[in-house]
Amino acid sequence: MHGALDDTICAIATPPGEGGIGVVRISGLQAVDVASQVVRLRSGKSLHDLQTHVMALADVGSPGALQTVPRGTESRPHAVLDEALVVVMKGPHSYTGEDVVEVQCHGGPVVLDQLCLGLISAGTRLAEPGEFTKRAFLNGRLDLAQAEAVLDTIRAKTARSLAIAQSQRRGELSREVEETRSALVVALAHIEAALDFAEEDIAFVRQDELLRLLDETLSKLRGLVQSGQEGRIWREGAAVAILGRPNVGKSSLMNALLRSDRAIVTPIPGTTRDMLEEVVSIHGIPVRLFDTAGIRATDDPVEAEGIRRSHLAWEDADLALILLDGSQPLLESDRLLLRRQEAAQALLVVNKCDLPSRISKEDLIRVCPVNAGVLDISAKMQIGLDGLRDAISSRLMPRGLESREGVLVTNLRHAAAFERALQGVEQARQSVEAGMAGELVAMDLRIAADALGEITGAITTDEILERIFAEFCIGK
């Protein structure tokens, strides 16, 4: 961020466009002074005298204009931009830990823009993306993992995703990290004390006690690392690709799962030439659904590019649905798909079960011995879709939605840090068991503790902070 952190900042905190209410947020040492230039309380009191965290009715206008116009005069409407509700939140008991003023007026873009221009004229600057949350972190209101959970809360795609984000915002992941890190720091302190008093022959920690502590830490870290794949799905959504030759009903299936006519459906083969992506909740799991181009041999360069992208989508997908037309015998293009090695991990879905079947299940499984059997559906007639949703959910979350106890690692940055911590502790344990020098054990434990410190921001760099908060919207 390029602005000084002791500047007073302002920003529109509500989304762009029209709305019933629009919120402008001001934070910094001069927040109340600046806001008082554009806000006049209907009670006649000064904004400085307003009790903290109490909302009051006010008029808002350009700097100084309200103060020069007597209440109740005919010219007053020309000075008043809008009526609003205003709340002052004195630091440190505010989101940023600084003095904060929030103005809630009507949510028209002109009103909000004019109010921000007035605040800038009065001495604030426009906040940069994520600057309010960055100040909350720097002022000790949030640690770094909690700050990232704020963004996850905003971006949550399902109720379960929101619950996980809120769990992390409340500090549950941070507490797990700090408990684990504290255990490593204690072990590190004992080892370094033994090194400092090596000539005194004092045992600060027995080898069996150290191994027990490291084993407990390894068990925690392995569980957190293993939760990363599941957690990534909750945060980003699982990628599910619908594959098949042209005209088997891929676009119809996507529309049926979305419950809307999102994809174009025609009887002409090759209608879908590019990937279409939409997000849908399947039993609470956020799913990024990909409708791909039909896979077949073609001389059309545009269709060939779509087919190439279909293969890439298959490679990157968490789950593939191979769709077949049950009203026709298997064609060679079907067989080519089914013979691919990745097909054994896919869900085989036979569409158009409302028509006479011309595909033998036995022949189908002989061509492709899938792990999860074959599902019959009719996308057009909405038959079998609940069973398909169940199968997708089971494959993405084999242990069920509520089976995992404890916290989930949902952030790629956190997952990488836990991986480094795990490697450090594993190396330290091997060194202890092999009777290697304490300096080597201490080095590995320090690496692990520092990796955990990066998650909460106990150890961090400006580069990491810039990258994290740049993802936020302005006003948060």
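This is a predicted model: local features need pLDDT of at least 70, side-chain atom pairs count only at pLDDT 80 or more; totals for chains, interfaces and linings use all residues.

Biologist: Which residues make the contact?

Modeller: From α10, Leu 253, Ala 256 and Leu 257. From α14, Leu 385, Leu 388 and Arg 389.

Biologist: And how do the residues of that contact divide?

Modeller: Five are nonpolar and one is charged. None is polar.

Biologist: Leu 388 keeps coming up. What is Leu 388 in contact with?

Modeller: Leave aside its neighbours within four places in sequence. Then Leu 388 is in contact with Leu 253, Leu 257, Val 349, Leu 375 and Ile 377.

Biologist: New topic: Asn 351. Where is its place?

Modeller: Asn 351 is in strand β12.

Biologist: Buried or exposed?

Modeller: Asn 351 is buried. Its relative accessible area is 3%, and buried means under 20%.

Biologist: What does its side chain reach?

Modeller: The side chain of Asn 351 reaches the backbone nitrogen of Ala 379, at 3.0 Å.

Biologist: What else is Asn 351 in contact with?

Modeller: Skip its neighbours within four places in sequence. The list then includes Val 248, Gly 249, Leu 323, Asp 325, Ser 327 and Ser 378. Ile 377 is also in contact with Asn 351, and Ile 377 is in contact with Leu 388 too.

Biologist: Back to helix pairs. At what angle do α6 and α16 cross?

Modeller: At roughly 45°. Helix α6 covers residues 144–155 and helix α16 covers residues 438–456. Their axes come within 5 Å. That angle makes α6 oblique to α16.

Biologist: Which residues meet there?

Modeller: Leu 144, Ala 145 and Glu 148 in α6 meet Glu 454, Ile 455 and Thr 456 in α16. This contact has three nonpolar residues, one polar and two charged.

Biologist: Now the backbone. Which peptide bond is cis, with omega near 5°?

Modeller: The one from Gly 91 to Pro 92. Pro 92 is in the loop between β5 (80–89) and β6 (100–107).

Biologist: Why point that out?

Modeller: Because most peptide bonds are trans. Also, most residues other than glycine have a negative phi.

Biologist: OK, so what is phi for Asn 247?

Modeller: Near 65°, a positive value. Asn 247 lies in the loop between β8 and α10. Asn 247 is partly exposed, with a relative accessible area of 30%.

Biologist: And what about Gln 382?

Modeller: Gln 382 has a positive phi of about 60° and is not a glycine. Gln 382 sits in the loop between β13 (374–376) and α14. At 49% relative accessibility, Gln 382 counts as partly exposed.

Biologist: How does Leu 336 count?

Modeller: As exposed, at 52% relative accessibility. Leu 336 is in helix α12, residues 332–338. Leu 336 and Val 367 are 31 residues apart in sequence. In space they are 9.5 Å apart, C-alpha to C-alpha.

Biologist: Last one, the whole chain. How many helices and strands are there?

Modeller: The protein chain has 17 helices and 13 strands. Of its 476 residues, 48% count as buried. Now take contacts between residues at least 6 apart in sequence. Among those, 71% join residues at least 24 apart.

Technical notes
Residues are numbered from 1 along each chain as its sequence is written. Side-chain values use heavy atoms; hydrogens and water are left out. Contact means heavy atoms within 4.5 Å. Helices (H or I, at least four residues) and strands (E, at least two) are DSSP runs, numbered from the N terminus. Ala, Val, Leu, Ile, Met, Phe, Trp, Tyr, Cys and Pro count as nonpolar, Asp, Glu, Lys and Arg as charged, and the others, Gly among them, as polar. Buried means under 20% relative accessible area, exposed over 50%, partly exposed in between (1.4 Å probe, protein chains only). A polar contact is a pair of N or O atoms within 3.5 Å; within protein, one must be able to donate a hydrogen and the other to accept it, and residues adjacent in sequence count only if both atoms are side-chain atoms. Axes are lines fitted to C-alpha atoms, for helices over the stretch in contact, and angles run from 0 to 180 degrees between N-to-C directions. Angles under 35 degrees count as roughly parallel, over 145 as roughly antiparallel, 65 to 115 as roughly perpendicular and the rest as oblique.
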